Amino acid sequence: MSETTSETTSETTSAVSGYGFAGLSPEETYRLDRRHVFHSWSAQAALDPMVITKAEGSYIWDGQGNRLLDFTSQLVYTNLGHQHPRLVAAIQAQAAELCTLAPPYANAARSQAARLIASHTPGELDKVFFTNGGADANEHAIRMARLHTGRQKVLATYRSYHGGTQLAVNVTGDPRRWPNDQGAAGVKHFFGPYLYRSPFGATTTEEEGQRALEYLEQVISFEGPDTIAAIILESIPGTAGVMVPPPGYLAGVRELCDRHGIVFIADEVMAGFGRAGRWFAIEHATDRADGSVVPDLLTFAKGVNSGYVPLGGVAISPQIAATFDERVYPGGLTYSGHPLACAAAIATITTMEDDRIVEHAAALGEEVFRVGLTELAERHEWIGEARGTGVFWVLELVADPDTREPLTEHAGGNALAAIVAACKRRGLLPMVNANRLHLVPPLTTTAAEVRAAIGILDEALTEVAGS
Ligand code: PLP
(Lines give C-alpha, C1' and ligand atoms only; values in the text may rest on other atoms or scores of the structure.)
Protein backbone atom coordinates (compact mmCIF):
# COMPACT_ATOMS: atom_id res chain seq x y z
CA MET A 1 0.00 0.00 0.00
CA SER A 2 1.34 3.42 -0.96
CA GLU A 3 1.80 6.17 1.55
CA THR A 4 -1.07 8.16 0.08
CA THR A 5 -3.29 5.07 0.23
CA SER A 6 -2.60 4.43 3.90
CA GLU A 7 -3.36 8.08 4.68
CA THR A 8 -6.61 7.66 2.79
CA THR A 9 -7.49 4.54 4.75
CA SER A 10 -6.65 5.58 8.24
CA GLU A 11 -7.85 9.16 8.35
CA THR A 12 -10.89 9.80 10.49
CA THR A 13 -12.07 13.17 11.61
CA SER A 14 -14.40 14.86 13.97
CA ALA A 15 -16.97 15.07 11.17
CA VAL A 16 -19.39 12.95 13.18
CA SER A 17 -19.18 15.12 16.29
CA GLY A 18 -20.95 18.21 14.90
CA TYR A 19 -24.69 17.69 14.29
CA GLY A 20 -24.89 20.38 11.62
CA PHE A 21 -27.75 22.53 10.37
CA ALA A 22 -30.51 19.89 10.71
CA GLY A 23 -29.36 19.02 14.22
CA LEU A 24 -29.34 15.23 13.91
CA SER A 25 -26.77 12.65 14.96
CA PRO A 26 -25.76 10.05 12.33
CA GLU A 27 -27.91 7.48 14.15
CA GLU A 28 -30.97 9.76 14.17
CA THR A 29 -30.35 10.65 10.53
CA TYR A 30 -30.41 6.98 9.59
CA ARG A 31 -33.46 6.19 11.71
CA LEU A 32 -35.53 9.07 10.26
CA ASP A 33 -34.38 8.24 6.73
CA ARG A 34 -35.62 4.67 7.05
CA ARG A 35 -38.90 5.87 8.53
CA HIS A 36 -39.72 8.81 6.25
CA VAL A 37 -37.58 8.95 3.11
CA PHE A 38 -38.73 7.08 0.00
CA HIS A 39 -35.67 6.45 -2.20
CA SER A 40 -35.37 6.32 -6.01
CA TRP A 41 -35.08 3.15 -8.12
CA SER A 42 -35.22 0.88 -5.04
CA ALA A 43 -37.22 -1.71 -3.17
CA GLN A 44 -37.48 0.23 0.07
CA ALA A 45 -37.25 -2.63 2.58
CA ALA A 46 -33.81 -3.75 1.41
CA LEU A 47 -32.18 -0.33 1.66
CA ASP A 48 -29.27 0.42 3.97
CA PRO A 49 -28.18 3.96 2.97
CA MET A 50 -24.75 5.21 3.98
CA VAL A 51 -25.03 8.29 6.20
CA ILE A 52 -22.78 11.08 4.93
CA THR A 53 -21.89 13.66 7.56
CA LYS A 54 -19.36 15.79 5.73
CA ALA A 55 -17.90 16.32 2.27
CA GLU A 56 -14.94 18.31 1.01
CA GLY A 57 -13.13 18.30 -2.33
CA SER A 58 -12.88 14.70 -3.54
CA TYR A 59 -13.78 13.22 -0.14
CA ILE A 60 -16.87 12.27 1.84
CA TRP A 61 -17.13 11.11 5.47
CA ASP A 62 -19.54 8.40 6.60
CA GLY A 63 -21.49 8.14 9.86
CA GLN A 64 -18.56 6.38 11.56
CA GLY A 65 -16.16 9.16 10.60
CA ASN A 66 -14.40 7.15 7.85
CA ARG A 67 -13.07 9.26 5.01
CA LEU A 68 -13.67 7.96 1.46
CA LEU A 69 -12.40 9.16 -1.90
CA ASP A 70 -15.63 9.92 -3.78
CA PHE A 71 -15.05 8.32 -7.19
CA THR A 72 -18.77 8.62 -7.98
CA SER A 73 -19.02 12.44 -7.88
CA GLN A 74 -22.36 11.42 -6.32
CA LEU A 75 -24.31 10.77 -9.54
CA VAL A 76 -21.46 12.05 -11.73
CA TYR A 77 -22.14 15.71 -11.07
CA THR A 78 -19.87 17.25 -8.38
CA ASN A 79 -17.44 18.23 -11.12
CA LEU A 80 -15.66 20.81 -8.96
CA GLY A 81 -15.75 18.59 -5.88
CA HIS A 82 -17.62 19.09 -2.66
CA GLN A 83 -17.97 22.45 -0.87
CA HIS A 84 -15.92 24.42 -3.39
CA PRO A 85 -15.45 27.81 -1.68
CA ARG A 86 -16.24 29.85 -4.82
CA LEU A 87 -19.49 27.99 -5.41
CA VAL A 88 -20.57 28.20 -1.78
CA ALA A 89 -19.77 31.94 -1.71
CA ALA A 90 -21.69 32.56 -4.95
CA ILE A 91 -24.80 30.79 -3.64
CA GLN A 92 -24.55 32.66 -0.32
CA ALA A 93 -24.12 36.02 -2.09
CA GLN A 94 -27.05 35.37 -4.44
CA ALA A 95 -29.20 34.19 -1.50
CA ALA A 96 -28.44 37.41 0.37
CA GLU A 97 -29.29 39.49 -2.71
CA LEU A 98 -32.29 37.71 -4.29
CA CYS A 99 -33.17 34.06 -3.57
CA THR A 100 -35.76 33.49 -6.25
CA LEU A 101 -37.56 35.05 -9.18
CA ALA A 102 -40.17 33.62 -11.57
CA PRO A 103 -39.20 32.81 -15.17
CA PRO A 104 -40.90 35.72 -16.98
CA TYR A 105 -38.57 38.31 -15.43
CA ALA A 106 -35.04 39.14 -16.52
CA ASN A 107 -32.48 38.55 -13.79
CA ALA A 108 -28.75 39.19 -13.78
CA ALA A 109 -27.78 35.71 -12.55
CA ARG A 110 -29.94 34.06 -15.23
CA SER A 111 -28.69 36.32 -18.05
CA GLN A 112 -25.05 35.86 -17.04
CA ALA A 113 -25.36 32.07 -16.67
CA ALA A 114 -26.99 31.81 -20.13
CA ARG A 115 -24.23 33.94 -21.68
CA LEU A 116 -21.47 31.85 -20.11
CA ILE A 117 -23.07 28.55 -21.16
CA ALA A 118 -23.55 29.85 -24.72
CA SER A 119 -19.90 30.96 -24.81
CA HIS A 120 -18.82 27.32 -24.49
CA THR A 121 -21.47 25.37 -26.45
CA PRO A 122 -20.36 24.37 -29.96
CA GLY A 123 -21.44 26.32 -33.04
CA GLU A 124 -24.21 28.86 -32.60
CA LEU A 125 -26.19 27.15 -29.85
CA ASP A 126 -26.65 30.56 -28.29
CA LYS A 127 -30.08 30.46 -26.67
CA VAL A 128 -30.68 28.56 -23.44
CA PHE A 129 -33.94 27.21 -22.05
CA PHE A 130 -33.39 26.40 -18.36
CA THR A 131 -34.91 23.34 -16.69
CA ASN A 132 -34.57 21.73 -13.26
CA GLY A 133 -32.40 18.81 -14.42
CA GLY A 134 -31.49 16.45 -17.25
CA ALA A 135 -34.74 14.53 -17.79
CA ASP A 136 -36.84 17.63 -18.30
CA ALA A 137 -34.10 19.10 -20.53
CA ASN A 138 -34.47 16.06 -22.80
CA GLU A 139 -38.29 16.21 -22.65
CA HIS A 140 -38.21 19.85 -23.76
CA ALA A 141 -35.61 19.20 -26.45
CA ILE A 142 -37.87 16.51 -27.92
CA ARG A 143 -40.90 18.80 -27.67
CA MET A 144 -38.98 21.52 -29.53
CA ALA A 145 -37.85 19.04 -32.20
CA ARG A 146 -41.40 17.76 -32.73
CA LEU A 147 -42.87 21.25 -33.05
CA HIS A 148 -40.00 22.41 -35.29
CA THR A 149 -40.28 19.48 -37.70
CA GLY A 150 -44.00 18.70 -37.42
CA ARG A 151 -42.98 15.04 -37.01
CA GLN A 152 -43.47 12.69 -34.06
CA LYS A 153 -40.94 9.87 -34.08
CA VAL A 154 -37.77 9.89 -31.94
CA LEU A 155 -34.84 7.48 -32.35
CA ALA A 156 -32.64 6.67 -29.34
CA THR A 157 -30.07 3.99 -28.55
CA TYR A 158 -30.66 0.92 -26.41
CA ARG A 159 -27.53 1.62 -24.41
CA SER A 160 -28.58 4.99 -23.04
CA TYR A 161 -30.08 6.80 -20.09
CA HIS A 162 -31.99 10.02 -20.70
CA GLY A 163 -33.85 10.53 -17.42
CA GLY A 164 -36.64 9.29 -15.17
CA THR A 165 -39.70 11.32 -16.27
CA GLN A 166 -42.26 9.64 -18.51
CA LEU A 167 -41.02 10.52 -21.99
CA ALA A 168 -37.34 10.59 -20.95
CA VAL A 169 -37.54 7.11 -19.45
CA ASN A 170 -39.33 5.80 -22.54
CA VAL A 171 -36.57 7.26 -24.71
CA THR A 172 -34.01 5.67 -22.38
CA GLY A 173 -32.71 2.32 -23.55
CA ASP A 174 -31.47 0.76 -20.31
CA PRO A 175 -33.61 -1.66 -18.27
CA ARG A 176 -35.00 1.10 -16.07
CA ARG A 177 -37.34 1.70 -19.02
CA TRP A 178 -38.92 -1.76 -18.87
CA PRO A 179 -41.29 -1.33 -15.91
CA ASN A 180 -42.15 2.19 -17.11
CA ASP A 181 -42.60 1.40 -20.78
CA GLN A 182 -46.07 2.34 -21.84
CA GLY A 183 -44.90 2.48 -25.43
CA ALA A 184 -44.48 6.26 -25.72
CA ALA A 185 -45.81 7.14 -29.15
CA GLY A 186 -43.14 7.06 -31.78
CA VAL A 187 -40.05 6.18 -29.71
CA LYS A 188 -37.81 3.67 -31.52
CA HIS A 189 -34.55 2.22 -30.26
CA PHE A 190 -31.45 1.22 -32.21
CA PHE A 191 -27.90 0.02 -31.41
CA GLY A 192 -25.05 2.50 -31.22
CA PRO A 193 -21.37 1.57 -31.54
CA TYR A 194 -19.84 -0.57 -28.75
CA LEU A 195 -16.79 -2.40 -30.06
CA TYR A 196 -16.16 -4.56 -26.96
CA ARG A 197 -19.60 -6.17 -27.43
CA SER A 198 -20.13 -5.25 -31.08
CA PRO A 199 -23.75 -5.66 -32.23
CA PHE A 200 -22.34 -5.64 -35.77
CA GLY A 201 -19.66 -8.35 -35.51
CA ALA A 202 -16.96 -5.70 -36.00
CA THR A 203 -13.35 -6.26 -34.93
CA THR A 204 -11.89 -2.77 -35.37
CA THR A 205 -12.99 0.71 -34.30
CA GLU A 206 -13.28 1.80 -37.94
CA GLU A 207 -15.44 -1.21 -38.82
CA GLU A 208 -17.67 -0.61 -35.79
CA GLY A 209 -18.23 3.06 -36.68
CA GLN A 210 -18.87 2.28 -40.36
CA ARG A 211 -21.27 -0.60 -39.67
CA ALA A 212 -23.14 1.31 -36.96
CA LEU A 213 -23.76 4.13 -39.46
CA GLU A 214 -24.88 1.78 -42.25
CA TYR A 215 -27.28 0.12 -39.81
CA LEU A 216 -28.66 3.49 -38.60
CA GLU A 217 -29.19 4.51 -42.20
CA GLN A 218 -31.31 1.38 -42.67
CA VAL A 219 -33.26 2.01 -39.46
CA ILE A 220 -34.07 5.51 -40.71
CA SER A 221 -35.19 4.28 -44.10
CA PHE A 222 -37.40 1.52 -42.61
CA GLU A 223 -38.93 3.90 -40.02
CA GLY A 224 -39.67 6.46 -42.74
CA PRO A 225 -37.31 9.45 -42.78
CA ASP A 226 -40.21 11.91 -43.10
CA THR A 227 -41.74 10.66 -39.84
CA ILE A 228 -38.64 11.16 -37.67
CA ALA A 229 -38.44 14.36 -35.62
CA ALA A 230 -35.18 13.67 -33.78
CA ILE A 231 -32.29 11.37 -33.05
CA ILE A 232 -31.20 11.73 -29.43
CA LEU A 233 -27.76 10.44 -28.46
CA GLU A 234 -25.47 10.79 -25.48
CA SER A 235 -22.28 12.18 -27.08
CA ILE A 236 -20.51 9.58 -24.94
CA PRO A 237 -22.98 7.11 -23.40
CA GLY A 238 -22.26 7.33 -19.66
CA THR A 239 -24.40 5.14 -17.42
CA ALA A 240 -24.43 2.49 -20.16
CA GLY A 241 -20.64 2.15 -19.95
CA VAL A 242 -18.64 5.14 -21.25
CA MET A 243 -18.34 4.08 -24.88
CA VAL A 244 -16.44 6.82 -26.74
CA PRO A 245 -17.89 6.72 -30.29
CA PRO A 246 -15.51 5.68 -33.10
CA PRO A 247 -14.03 8.52 -35.19
CA GLY A 248 -16.54 9.68 -37.77
CA TYR A 249 -19.63 8.19 -36.10
CA LEU A 250 -21.14 11.41 -34.75
CA ALA A 251 -20.21 13.23 -37.97
CA GLY A 252 -22.05 10.45 -39.82
CA VAL A 253 -25.14 10.86 -37.61
CA ARG A 254 -25.00 14.61 -38.27
CA GLU A 255 -24.90 13.93 -42.02
CA LEU A 256 -27.87 11.50 -41.85
CA CYS A 257 -29.86 14.09 -39.86
CA ASP A 258 -29.04 16.82 -42.40
CA ARG A 259 -29.99 14.57 -45.31
CA HIS A 260 -33.43 13.81 -43.85
CA GLY A 261 -34.29 17.01 -41.98
CA ILE A 262 -34.01 15.25 -38.61
CA VAL A 263 -33.10 17.22 -35.47
CA PHE A 264 -29.88 15.98 -33.82
CA ILE A 265 -30.15 16.18 -30.01
CA ALA A 266 -26.86 15.66 -28.15
CA ASP A 267 -27.48 14.66 -24.53
CA GLU A 268 -24.48 16.10 -22.66
CA VAL A 269 -26.10 15.83 -19.22
CA MET A 270 -23.38 13.53 -17.88
CA ALA A 271 -20.58 13.90 -20.45
CA GLY A 272 -20.67 17.71 -20.70
CA PHE A 273 -18.95 20.49 -18.76
CA GLY A 274 -15.48 19.02 -18.75
CA ARG A 275 -16.22 15.44 -17.68
CA ALA A 276 -14.83 14.05 -20.96
CA GLY A 277 -11.80 16.36 -20.99
CA ARG A 278 -13.53 18.85 -23.32
CA TRP A 279 -16.15 21.47 -22.49
CA PHE A 280 -18.58 19.19 -24.32
CA ALA A 281 -17.95 15.55 -25.23
CA ILE A 282 -19.12 16.07 -28.81
CA GLU A 283 -15.90 18.06 -29.34
CA HIS A 284 -14.06 14.71 -29.43
CA ALA A 285 -15.83 14.06 -32.73
CA THR A 286 -14.59 17.40 -34.00
CA ASP A 287 -11.02 16.61 -32.96
CA ARG A 288 -10.92 13.39 -34.90
CA ALA A 289 -13.27 13.69 -37.87
CA ASP A 290 -13.15 16.39 -40.52
CA GLY A 291 -14.98 19.55 -39.54
CA SER A 292 -16.94 20.26 -36.42
CA VAL A 293 -20.02 18.33 -35.36
CA VAL A 294 -22.68 20.68 -34.00
CA PRO A 295 -26.00 19.28 -32.80
CA ASP A 296 -29.25 21.21 -33.27
CA LEU A 297 -30.07 20.93 -29.59
CA LEU A 298 -27.71 20.18 -26.73
CA THR A 299 -29.03 19.20 -23.31
CA PHE A 300 -27.07 19.69 -20.10
CA ALA A 301 -27.45 19.49 -16.29
CA LYS A 302 -25.18 18.02 -13.56
CA GLY A 303 -21.74 19.57 -14.21
CA VAL A 304 -23.16 22.93 -15.35
CA ASN A 305 -23.10 23.98 -11.68
CA SER A 306 -21.60 20.87 -10.07
CA GLY A 307 -25.13 19.99 -8.94
CA TYR A 308 -25.01 22.37 -5.98
CA VAL A 309 -28.54 23.57 -6.80
CA PRO A 310 -30.72 21.66 -9.34
CA LEU A 311 -30.25 23.03 -12.88
CA GLY A 312 -30.47 21.73 -16.42
CA GLY A 313 -31.24 23.13 -19.82
CA VAL A 314 -31.37 23.01 -23.59
CA ALA A 315 -28.98 25.01 -25.77
CA ILE A 316 -30.86 25.82 -28.98
CA SER A 317 -29.73 26.43 -32.58
CA PRO A 318 -30.77 29.67 -34.29
CA GLN A 319 -33.04 27.77 -36.71
CA ILE A 320 -34.99 26.02 -33.96
CA ALA A 321 -35.06 29.15 -31.80
CA ALA A 322 -36.54 31.03 -34.79
CA THR A 323 -39.46 28.57 -34.91
CA PHE A 324 -40.59 30.08 -31.63
CA ASP A 325 -39.98 33.75 -32.51
CA GLU A 326 -43.61 34.31 -33.51
CA ARG A 327 -45.11 31.03 -32.36
CA VAL A 328 -45.64 30.36 -28.66
CA TYR A 329 -43.38 27.70 -27.17
CA PRO A 330 -45.86 25.57 -25.23
CA GLY A 331 -43.77 24.66 -22.20
CA GLY A 332 -42.32 26.04 -18.96
CA LEU A 333 -41.32 25.38 -15.37
CA THR A 334 -41.85 27.41 -12.17
CA TYR A 335 -38.12 27.29 -11.38
CA SER A 336 -36.73 27.77 -14.90
CA GLY A 337 -33.48 29.68 -14.48
CA HIS A 338 -33.60 29.77 -10.67
CA PRO A 339 -31.21 32.52 -9.50
CA LEU A 340 -29.49 30.33 -6.86
CA ALA A 341 -28.85 27.61 -9.45
CA CYS A 342 -27.67 30.17 -12.00
CA ALA A 343 -25.32 31.78 -9.47
CA ALA A 344 -23.79 28.33 -8.91
CA ALA A 345 -23.45 27.92 -12.70
CA ILE A 346 -21.68 31.28 -13.03
CA ALA A 347 -19.23 30.34 -10.26
CA THR A 348 -18.68 26.86 -11.76
CA ILE A 349 -17.99 28.05 -15.29
CA THR A 350 -15.73 30.96 -14.27
CA THR A 351 -13.80 28.67 -11.91
CA MET A 352 -13.41 26.14 -14.72
CA GLU A 353 -12.04 28.90 -16.96
CA ASP A 354 -9.74 30.46 -14.35
CA ASP A 355 -8.34 27.18 -13.01
CA ARG A 356 -8.08 25.49 -16.44
CA ILE A 357 -10.18 22.60 -15.15
CA VAL A 358 -10.96 21.15 -18.60
CA GLU A 359 -7.25 20.99 -19.45
CA HIS A 360 -6.59 19.32 -16.08
CA ALA A 361 -9.37 16.77 -16.76
CA ALA A 362 -7.92 15.96 -20.19
CA ALA A 363 -4.40 15.51 -18.80
CA LEU A 364 -5.62 13.40 -15.89
CA GLY A 365 -7.38 11.17 -18.44
CA GLU A 366 -4.41 10.61 -20.73
CA GLU A 367 -1.51 10.70 -18.28
CA VAL A 368 -2.94 9.08 -15.18
CA PHE A 369 -6.18 7.16 -15.80
CA ARG A 370 -5.23 5.67 -19.18
CA VAL A 371 -1.74 4.67 -18.07
CA GLY A 372 -2.77 3.40 -14.63
CA LEU A 373 -5.87 1.50 -15.71
CA THR A 374 -4.13 -0.09 -18.70
CA GLU A 375 -1.46 -1.46 -16.32
CA LEU A 376 -4.17 -2.57 -13.89
CA ALA A 377 -6.01 -4.42 -16.69
CA GLU A 378 -2.80 -6.27 -17.55
CA ARG A 379 -2.54 -7.57 -13.98
CA HIS A 380 -6.19 -8.64 -13.49
CA GLU A 381 -7.97 -11.17 -15.71
CA TRP A 382 -11.34 -9.90 -14.50
CA ILE A 383 -10.81 -6.56 -16.24
CA GLY A 384 -12.11 -7.23 -19.75
CA GLU A 385 -11.62 -3.63 -20.81
CA ALA A 386 -10.61 -0.32 -19.25
CA ARG A 387 -11.99 2.53 -21.34
CA GLY A 388 -12.79 6.21 -21.14
CA THR A 389 -11.46 9.69 -21.57
CA GLY A 390 -10.99 12.73 -19.34
CA VAL A 391 -12.35 11.95 -15.88
CA PHE A 392 -14.90 9.50 -17.29
CA TRP A 393 -13.72 5.87 -17.02
CA VAL A 394 -15.05 2.34 -16.55
CA LEU A 395 -13.61 -1.05 -15.85
CA GLU A 396 -15.72 -3.66 -17.61
CA LEU A 397 -15.40 -6.78 -15.44
CA VAL A 398 -15.72 -10.25 -16.97
CA ALA A 399 -15.65 -13.75 -15.50
CA ASP A 400 -13.76 -15.01 -18.54
CA PRO A 401 -11.69 -12.76 -20.83
CA ASP A 402 -12.31 -15.03 -23.84
CA THR A 403 -16.10 -15.37 -23.63
CA ARG A 404 -16.45 -11.86 -22.09
CA GLU A 405 -19.16 -13.24 -19.83
CA PRO A 406 -20.01 -10.37 -17.45
CA LEU A 407 -18.66 -10.77 -13.94
CA THR A 408 -21.47 -10.78 -11.43
CA GLU A 409 -21.66 -14.03 -9.48
CA HIS A 410 -18.40 -15.58 -8.39
CA ALA A 411 -17.54 -18.32 -5.89
CA GLY A 412 -21.09 -18.35 -4.55
CA GLY A 413 -21.16 -14.63 -3.89
CA ASN A 414 -21.54 -11.36 -5.71
CA ALA A 415 -17.99 -10.53 -6.80
CA LEU A 416 -18.82 -6.94 -7.64
CA ALA A 417 -20.35 -6.28 -4.24
CA ALA A 418 -17.28 -7.87 -2.65
CA ILE A 419 -14.91 -5.68 -4.70
CA VAL A 420 -16.85 -2.55 -3.75
CA ALA A 421 -16.82 -3.56 -0.08
CA ALA A 422 -13.04 -4.16 -0.26
CA CYS A 423 -12.60 -0.72 -1.86
CA LYS A 424 -14.71 0.98 0.81
CA ARG A 425 -12.73 -0.66 3.61
CA ARG A 426 -9.63 0.90 2.05
CA GLY A 427 -11.18 4.36 1.67
CA LEU A 428 -12.49 4.39 -1.93
CA LEU A 429 -16.10 4.75 -3.09
CA PRO A 430 -16.47 3.58 -6.73
CA MET A 431 -19.74 3.55 -8.68
CA VAL A 432 -21.23 0.25 -9.86
CA ASN A 433 -23.53 -0.43 -12.78
CA ALA A 434 -24.20 -3.95 -14.13
CA ASN A 435 -20.77 -5.60 -14.45
CA ARG A 436 -18.84 -2.35 -14.43
CA LEU A 437 -16.99 -0.13 -12.00
CA HIS A 438 -17.38 3.51 -13.05
CA LEU A 439 -14.48 5.73 -11.99
CA VAL A 440 -15.81 9.28 -12.17
CA PRO A 441 -14.32 11.51 -9.46
CA PRO A 442 -14.53 15.32 -9.45
CA LEU A 443 -12.53 16.97 -12.25
CA THR A 444 -10.49 18.69 -9.54
CA THR A 445 -9.13 15.36 -8.25
CA THR A 446 -5.33 15.30 -8.19
CA ALA A 447 -3.06 12.83 -9.97
CA ALA A 448 -1.97 11.52 -6.55
CA GLU A 449 -5.59 10.84 -5.56
CA VAL A 450 -6.24 8.98 -8.83
CA ARG A 451 -3.08 6.89 -8.33
CA ALA A 452 -4.15 6.15 -4.74
CA ALA A 453 -7.56 5.00 -6.00
CA ILE A 454 -5.98 2.73 -8.63
CA GLY A 455 -3.76 1.27 -5.88
CA ILE A 456 -6.85 0.50 -3.81
CA LEU A 457 -8.58 -1.11 -6.80
CA ASP A 458 -5.51 -3.27 -7.34
CA GLU A 459 -5.60 -4.51 -3.76
CA ALA A 460 -9.39 -5.01 -3.76
CA LEU A 461 -9.33 -7.04 -7.00
CA THR A 462 -6.44 -9.16 -5.69
CA GLU A 463 -8.26 -9.80 -2.41
CA VAL A 464 -11.59 -10.81 -3.96
CA ALA A 465 -10.11 -12.84 -6.85
CA GLY A 466 -7.99 -14.78 -4.34
CA SER A 467 -10.86 -15.52 -1.95
N1 PLP B 1 -29.22 12.23 -19.48
C2 PLP B 1 -28.10 11.61 -19.07
C3 PLP B 1 -27.04 11.28 -20.07
C4 PLP B 1 -27.93 11.27 -17.73
O5 PLP B 1 -26.82 10.64 -17.34
C6 PLP B 1 -28.95 11.62 -16.81
C7 PLP B 1 -28.81 11.27 -15.37
O8 PLP B 1 -27.97 10.51 -14.97
C9 PLP B 1 -30.10 12.26 -17.27
C10 PLP B 1 -30.20 12.58 -18.61
C11 PLP B 1 -31.21 12.64 -16.33
O12 PLP B 1 -30.84 13.73 -15.55
P13 PLP B 1 -31.67 14.10 -14.22
O14 PLP B 1 -31.50 12.96 -13.28
O15 PLP B 1 -31.06 15.40 -13.78
O16 PLP B 1 -33.09 14.27 -14.62
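## Close-up views of a predicted model

**View A. Helix 4 passes helix 12 in a right-handed crossing.** A crossing is right-handed if the near helix is turned clockwise from the far one by less than a right angle, and left-handed if anticlockwise. Helices here are DSSP runs (H or I, at least four residues), strands are runs of E with at least two residues, and both are numbered from the N terminus. Before looking further, note that this is a predicted model, where local features need pLDDT of at least 70, side-chain atom pairs count only at pLDDT 80 or more, and totals for chains, interfaces and linings use all residues. Residues are numbered from 1 along each chain as its sequence is written, and side-chain values use heavy atoms, with hydrogens and water left out. The axes of helix 4 and helix 12 are 8 Å apart, and the packing angle is about 145 degrees. Axes are lines fitted to C-alpha atoms, for helices over the stretch in contact, and angles run from 0 to 180 degrees between N-to-C directions. On the helix 4 side, the contact includes Arg86, Leu87 and Ala90, and on the helix 12 side it includes Pro339, Leu340 and Ala343; contact means heavy atoms within 4.5 Å. Sorted by class, this contact has 9 nonpolar, 4 polar and 2 charged residues. Ala, Val, Leu, Ile, Met, Phe, Trp, Tyr, Cys and Pro count as nonpolar, Asp, Glu, Lys and Arg as charged, and the others, Gly among them, as polar.

**View B. Helix 5 (residues 108-120) packs with helix 12 (residues 339-354) at about 40 degrees.** Their axes are 8 Å apart. That angle makes helix 5 oblique to helix 12: under 35 degrees counts as roughly parallel, over 145 as roughly antiparallel, 65 to 115 as roughly perpendicular and the rest as oblique. The crossing of this pair is left-handed. The contact of helix 5 with helix 12 has 10 nonpolar, 4 polar and 2 charged residues.

**View C. Helix 8 (residues 205-223) and helix 9 (residues 249-260) cross at roughly 20 degrees.** Their axes come within 9 Å, and the angle makes helix 8 roughly parallel to helix 9. This crossing is right-handed. Helix 8 contributes residues including Gly209 and Leu213, while helix 9 brings Tyr249 and Val253, among others. Here the classes are 7 nonpolar, 3 polar and 2 charged.

**View D. The ligand sits among residues that include Gly133, Asn138, His162, Glu234 and Lys302.** A polar backbone atom of Gly134 is 2.8 Å from a ligand oxygen, and a backbone N or O atom of Tyr161 is 3.3 Å from a ligand nitrogen. Asp267 uses a polar side-chain atom, 2.8 Å from a nitrogen of the ligand.

Conventions:
A residue is near a molecule or strand if one of its heavy atoms lies within 4 Å of it. A polar contact is a pair of N or O atoms within 3.5 Å; within protein, one must be able to donate a hydrogen and the other to accept it, and residues adjacent in sequence count only if both atoms are side-chain atoms.
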